[in-house]
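This briefing covers one protein chain, shown below by its sequence and structure. Please keep both in view while reading.

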Amino acid sequence: MIKRLIHNTLISIIAFGGAAVLGLVVIPVILRTWGVTEFGLIVLARLLLPTGMMAVFDLGLSEVATQTVARGREHRDWALAARQLTFLSVVSIFLALSLSTAIWLGVPYLAMLMKVDAAHFEAFVSILRFTALGNLILIPALVWEGIIKGFERYNLLRVTEVASTVAYVGLTILASYRSVGFEVVAYIYLATLIGRALVVLLGAAIALGRKNTRFSSWTSDIRRDLLHRCMLLLQGRLIGGISGPLQPLVVGFLFGPTGVGTYDALVRLSRVSRTVVSLLTSALLPVASRLDERGSSTTFQRLGELGLILLPMFTVPLFAAAAILSPDILRIWIGPLLTPYAAWMGLSFVAPICAQYIAIGSLIFLTRPEIQARLNMLMGLQLLIWAVVSAATLHLFAERALILGQAVANVLVLPLQLSQLRSALDLNLERFAKAIGTQAAIMVVGGVCLWIIAGYIQFDSVLRLTLGSGLFCIIVWILQYFLVLEKRHRTIFLAMGQLMGLVPKSI
């Protein structure tokens, strides 16, 4: 099980990491060919897809389907799994019909609320109507993707991810050369997503067919259990979504497409980086579900502890380096257009840095609704702080006030979230506080040193950026290995090496 987890994680990082880089490469192409306003309109249209704002309303269908298949594999009760998946499929169809109808009917009003000018109004309305139709396939596809994750067939997911991204980037560059309308970029993106969804559907059907799983009627107990899980996930998504995926929509209401384009360009790198790093935990849910079903409390606890300490140890230095070197990154990536706002791009990395400390804990406790409910309450507090800070500074910083609000909210609520996770995992308070405190001290001192060095050395090329940030990360990783990790933590590296056949088992 653990060997497959490592294998799936590596596949996810390599494949999706490559796709993410391609996605970043195409942004300057769009900005230079069509402009900030048109880029903002494309971003606004994508918000109405399950990959954007609609993720807030998706009821956690993918995660619940993943847990359903994982439990079916653990107990070999495919009759129960079939009934549960049938119910989830029906829910996804009703959800798709409801959201697609709402978007279709609200298209003209959305365009007006977004302050779309007359020159772009008709094209934007057309994009939104095709988006509404696309959701009829893309929302049920969440269940199909969850089934594939439950079977831990991440190779299929990542191959389709890379293929769809390559197609999108290639066709967008072609559209740029031919100087077609900006709306073509939106249609290309939508078409590649639908193509990927249909391939995932085929894979899910084949996987279930091998288990002789057929659609079956569900019971009232199944309905209540799955709806309870879905409602908890919906609650968390609504709270987290307002301070996350919904922010570009808020910017659109307040400042129009140009504001959205500026905001998205400033936060895109931190958001993509967070998504890529989240792949370190993407294969964990089916494993956590199977451990929980087995009652392996000791293994479950160790998994959570390692997640709270090891994940930030590796990922936070990467985010910190990107935040500190934001002026150079922005200058090389997009050019001088947004360089004056580089500090805001750096500030946007605060939220993903905080998220690293709770990512694995939040994920594994999806299997325990009572813990999930408490974490949702803390997310509600985070939302309140974000709203207050953003509203208070909106007149000063315009769309950038939302970045400030998110950073402040994440920093203030993080200690409460860590306390809740530590308590749920029954970890020793003194040891845990020492590990987190030492880690934070190393990051602060290292970050200040890198900031001072960046004032003397100009990182004006990708090579220099890579070498500078890489050296910073290596030094911080080494310090954390010896000063943060205990001996029992360090043994995980040897165990992983032996498991993957990289280290002789006789050592």
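The model is predicted: local features need pLDDT of at least 70, side-chain atom pairs count only at pLDDT 80 or more, and totals for chains, interfaces and linings use all residues. Residues are numbered from 1 along each chain as its sequence is written, and side-chain values use heavy atoms, with hydrogens and water left out. The chain has 20 helices and zero strands. Helices (H or I, at least four residues) and strands (E, at least two) are DSSP runs, numbered from the N terminus.

**Whole chain**

- Of the 507 residues in the chain, 54% are buried; buried means under 20% relative accessible area, exposed over 50%, and partly exposed in between, with a 1.4 Å probe and protein chains only.
- Among contacts in the chain with a separation of 6 or more, 84% join residues 24 or more positions apart; contact means heavy atoms within 4.5 Å.

**Nonpolar core**

- The largest nonpolar core holds 142 residues, and Leu 61 and Leu 88 touch the most other members. A nonpolar core is a set of buried Ala, Val, Leu, Ile, Met, Phe, Trp, Tyr and Cys residues joined through side-chain atoms within 4.5 Å.
- Helix H12 (residues 297–324) supplies the largest share of this core, 13 residues.
- Beyond four places in sequence, Leu 88 is in contact with Leu 61, Val 64, Ala 65, Thr 68, Val 143, Leu 226 and Cys 230.
- Val 143 belongs to helix H6 (residues 141–150) and is buried, because its relative accessible area is 1%.
- Leaving aside neighbours within four places in sequence, Val 143 is in contact with Leu 61, Ala 65, Leu 88, Ser 89 and Ser 92.
- The C-alpha atoms of Val 143 and Leu 201 are 9.0 Å apart, and the two residues are 58 residues apart in sequence.

**Second largest cavity**

- The whole structure contains four cavities of 30 Å³ or more. On a 1 Å grid over the protein atoms alone, a cavity is a set of points where a 1.4 Å probe fits but cannot get out, and lining residues have an atom within 4 Å of a point.
- The second largest cavity has about 60 Å³ of space; grid points are joined across faces, edges and corners, and a volume is the space filled by probe spheres set on the points.
- Helix H2 (36–46), helix H5 (118–138) and helix H8 (183–210) are the elements that give two or more residues to the lining of the second largest cavity.
- H8 gives the most to this lining, with four residues.
- The lining residues are Ile 42, Ala 45, Arg 46, Leu 49, Ile 127, Thr 131, Ala 186, Tyr 187, Tyr 189 and Leu 190.
- Eight of the lining residues are nonpolar, one is polar and one is charged. Ala, Val, Leu, Ile, Met, Phe, Trp, Tyr, Cys and Pro count as nonpolar, Asp, Glu, Lys and Arg as charged, and the others, Gly among them, as polar.

**Residues within helices**

- Phe 39 is in helix H2 and counts as buried because its relative accessibility is 2%.
- Apart from residues up to four places away in sequence, Phe 39 touches Ile 27, Ile 30, Leu 31, Gly 261, Asp 264, Ala 265 and Arg 268.
- Phe 39 and Val 260 are 221 residues apart along the chain, with 8.3 Å between their C-alpha atoms.
- Asn 410 lies in helix H17 (residues 401–425) and is buried, at a relative accessible area of 8%.
- A polar atom of the Asn 410 side chain lies 2.7 Å from the backbone oxygen of Gln 406.
- Not counting residues up to four places away in sequence, Asn 410 touches Ala 351, Cys 354 and Gln 382.
- Gly 380, in helix H16, is partly exposed because its relative accessible area is 24%.
- Between the C-alpha atoms of Gly 380 and Gly 236 the distance is 8.4 Å, with 144 residues of sequence separation.
- The buried residues of helix H13 (residues 326–333) include Ser 326, Asp 328, Ile 329, Leu 330 and Trp 333.

**Positive phi**

- Most residues other than glycine have a negative phi.
- Leu 59 has a positive phi near 65° and sits in the loop between H2 and helix H3 (61–75).
- Leu 59 is buried, with a relative accessible area of 11%.
- Ala 398 has a positive phi of about 55° and lies in the loop between helix H16 (369–397) and H17.
- Gly 335, which follows H13, has a positive phi near 105°.

Technical notes
A polar contact is a pair of N or O atoms within 3.5 Å; within protein, one must be able to donate a hydrogen and the other to accept it, and residues adjacent in sequence count only if both atoms are side-chain atoms. On a 1 Å grid over the protein atoms alone, a cavity is a set of points where a 1.4 Å probe fits but cannot get out, and a pocket is an open set with protein on both sides within 12 Å along at least five of seven lines; lining residues have an atom within 4 Å of a point.
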